[in-house]
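Subject: Handing over the structure

Hi there,

As promised, I am passing this structure on to you.

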Amino acid sequence: MTSAAANEVAAYLKRRARWSPLEIAFWVFAFATIWLFPGKYLILKDTAILALFALSLDLILGYAGIISLGQAAFFGLAGYFSGLVAKYGIINEPLLALIASGLAAAALGFVTSFLVLRGSDLTRLMVTLGVSLMLGEVANRYSNITGGADGLQGVDIQPILGRFRFDLYGHNGYVYCLIVLFICFVLARRVVYSPFGLSLRAVKGNPLRAAAIGIPVKWRLVAVYTFSAGLAGLAGALLTQTTAFCSLDVFSLDRSADLLLVLIIGGTGYLYGGLIGAVIYKLLQDWIANLTPQYWQFWIGLVLVVIVLAGRERMQGWIAAARGALEDATARVAARPAKFASDRQ
Amino acid sequence: MKFNHLLMAASAAFALAAASGARADDIKIGFILPMTGQQQSTGKQEAAAAKLFMQQNGDTVAGKKVELIIKDDGAVPDNSKRIAQDLIVNDKVAFLAGFGVTPGALAVAPLATEGKTPEIVTAAGTSIITEKSPYIARTSFTLAQSTVPMADWAAQNGIKKVVSMVSDYAPGADAAKSFAAEFTAKGGQILDSITFPLANPDFAPFLQRAADQKPDAIFVFVPSGQGGIFVKQFAERGMDKAGIRIIGPGDVTDDDLLNGMGDPVLGAITAHIYSADHNSPTNKAFVDAFKKANNGMRPNFMAVGAYDGMHLMYEALKKTGGKTDGDSLIAAIKGMAWESPRGPISIDPDTRDIIQNVYIRTVERKNGELYNVEFETFPSVKDPIKAAEKK
C-alpha cells in the first residue's frame, strides 16, 4: 500500500520533470543562434550572461520567495575574483577560474545568507542591497588591487582549455557563455524539480506550515541562496572573462534592479522567465538605444510601464487559445495525455 | 507554460535586430559617449560638436560618404568595450572616437590594437591613455597640461598654502600629483591632499576639512559636470567670504555650467585649454554656429575636443585618399597641425598626444554672463608627465 503510493509519487515527479517539446525547441533555437546571427555575438553574449544572472534571481525569488536587490554582490565578487586570478596568473585556465569564481561567490552567499534570512521582505531588500553596496565600496577603497574607478586593467585571459581563444568577433566567447548557461540551467532545473525544489515551494507558500510538516525551513533557504549566489557569480565571472575587464559597475544597484525588471518582463517561477526576459530586455535596449542614444531610457521605461500595467495578463489571455491548440498538437505527436504537457500550470 | 508566446516575441525581436545594415563603401566614424547618466553633459556637448562639424564640412571626404554613429555607453567601461567591439566587428568603423571618462578609453585600448582601429580620444584626460595602444591619438588634453602651468602661476602670484581636492580616479590622481610636484618645487606648500569618490559628489564634509586648515587656495579637480555642485557647497560654507580662492584645471568652471554657478565663482583662477571667450575669429565663428545649432547652449572644452577630433579624422582621411586601414590613418595623424577654436594645436608625432596653448583665466561677468577670461598664455605645452618621463 505504502510502496504503491511512493511509486505513484515517484512517477508523478518523473513526469513533472520531463522535458517538453517546447523546451527542447527553445534550446535548439538558442544554440542555432550561433549560426543564425553571426554578426550579433556580442549582444547575444551579453544576453546569455544576463539570462544566467536572472536565472539565479529566479531561483530564490520564484521558488523560495526571497526578494533581493543584492545579486550584484555575487556577480561583482566573482567578476573581480576571476579578473584578479587571471591578471596575476594564479589560475590561468578560464574554465577552472570560472568554477573557482562561482565557488567564491557561493561562499559569500552562504555567509551572507544568515543575515538575509532573518527578516521579512523589506528587511531582506535592504540587507541584500547593503551587502552589495558595501562590497562595491570595498572594491573602490582598495583601488591598488582592484583599480578603483578606473577598472581592473591589464587582465589577460588565456584560451579556454588551452585551445579556444576569446576572439575579437566574440564567437568563442558567446559559445562559451551559452554552454555555461545551458549547464547551469540543467542544474537549476534538476534542483527545482527534485523533492528539494518541491519543499522550497512549500516554504514559499507558507513557511510556518512547511516547518510543521518537518521541512527544515532555514537550511533549505540557506542552501538555495548559496546555490543562487554561485550562479550569479558564474555570470559575473563570464562577463569579466569575455571582456577581459572588470569595473566597479559590476556592484552597482542598477545591475540588481535591471535583474528584477528582467523577471518582471519574463515572469518568475518557471525558470524560463529570466531567460526570455533577458532576451527581450537586451534586444529592446539595444534597438531603442540605437534609434535614440540620448533618450532611450525614457522609451525603455515606457515599455516597462505598459508591460506591467496592461501587458502580461492580457497577453496571457491572447495566447491561452494558441497554447491550447499547440498543446493538442504536441500531445498527439508525443502520443501521451495532454494534461501532462501542461502539468506545470 | 507561458514561455511559448514570449519565445515568439523574442524571435521577432531577433529578426528585427538582424535586419539593420548599411552600404559597405561608406566611411564610418563611431563615437562612444556618455549620453545618459552623470557624465551626460560631456556626451551632449561632444555629439553636438561632431554634428556641427559635419554640417559645416559636408559628409564626403576623399570622394567617400562619411557616416557618424553615436552610441551611448553611460560612462560604464564594460559598455564602452562591448560597443567598441561591436563597432569594429559589425560596423567596420574607420575610427573610434569619444570616451567621456578615462576608464572607458583604457578599456577600449586593447581592442584598438587588436582591430588596428585608430582610437581618437576627444574627452578623457589621463596622461597614460595614449601609451596603452599605438593606435590612440588625443584631441582633448591631459590634466597635467593644465595643472603644471596652474602651479607655476600660483607660486608666482602669492599663493603659498594650498589644500588639494580631487576626485578619486586616474585623472584626479594625475591632477593632484602633477600639481603638488610642480607647486612644492616652486616653493609652495600642500597642507592636505583630499580625495573623494567619483560616483557620489557630496563635497560638504571634504570642504569642511579643507576650510579648517585655512589655506590660501583650494586646488580642485572634478570631472566636467560636477563643478556646479562643488562651487555651490563651497559658497554655502562661506569659504569665498573667508578669502579662500578656488584654483585648478578648468573642469570646475566648465563653460557649460559656469553661468549657473552665480557670484561665488567670480574670481576663481583656472588654467585650461579652452574658454568660449577665447579671442580669435575661428572661435567666434565656432561659438556662434554652435549656439545657433543648439538652442543657445555654450560650447565647452569637451565640444572643442570633439570638433577638433572630427577635423583630425577628416584631414587624416584626405591625406590617405580615403584609405581606412589603421596604420595609414595613424601615420597621417602624427604631426598634424591646425588652427582650432582654442588656438594653434598639433599632434605630437612621438606620443600621439596633443600639443596646445594653456591659458590662465579668471571668472568675470561679461554682458551679464559669466565667462572664463584669459589673461596669460603658456604656449605649446606638451603633456608634462610624458615629457618628464623622457628626461
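Here is what I found in it.

A word on conventions: residues are numbered from 1 along each chain as its sequence is written, while chains are lettered from A and ligands numbered from 1 in the order in which they are written. This is a predicted model, so local features need pLDDT of at least 70 and side-chain atom pairs count only at pLDDT 80 or more, whereas totals for chains, interfaces and linings use all residues.

Let's start with the core. The largest nonpolar core has 209 residues; such a core is a set of buried Ala, Val, Leu, Ile, Met, Phe, Trp, Tyr and Cys residues joined through C-beta atoms within 7 Å. Buried means that 20 or more other C-beta atoms lie within 10 Å of a residue's own, exposed means 12 or fewer, and partly exposed is in between, with C-beta atoms placed from the backbone. Among the residues with the most contacts inside the core are Leu55(A), Leu77(A) and Ala49(B). Helix α3 (residues 41-63) of chain A gives the most to this core, 17 residues. Helices (H or I, at least four residues) and strands (E, at least two) are DSSP runs, numbered from the N terminus. Beyond its neighbours within four places in sequence, Leu55(A) is in contact (C-beta atoms, placed from the backbone, within 7 Å) with residues including Cys184(A), Phe185(A) and Leu271(A).

Next, a helix pair in chain A. The axes of α9 (residues 195-205) and α11 (residues 217-243) of chain A come within 10 Å and cross at roughly 115°. Axes are lines fitted to C-alpha atoms, for helices over the stretch in contact, and angles run from 0 to 180 degrees between N-to-C directions. Ser199(A), Leu200(A) and Val203(A) of α9(A) meet α11(A) at Val217(A), Arg220(A), Leu221(A) and Val224(A).

Chain B has an open sheet of 6 strands with mixed pairing, in the order β2-β3-β1-β4-β5-β6; strands pair if DSSP finds at least two bridges between them. Its edge strands, β2 (60-61) and β6 (136-138) of chain B, each pair on one side only. Strands β4 (residues 95-98) and β5 (residues 119-121) of chain B are parallel partners over 3 bridges, and Ala97(B) has Ile120(B) as its bridge partner in β5(B).

Finally, Ala211(B) lies in helix α7 (residues 204-212) of chain B. It counts as partly exposed because it has 17 C-beta neighbours inside 10 Å.

Enjoy exploring!

Technical notes. Two residues are in contact if their C-beta atoms, placed from the backbone, lie within 7 Å.
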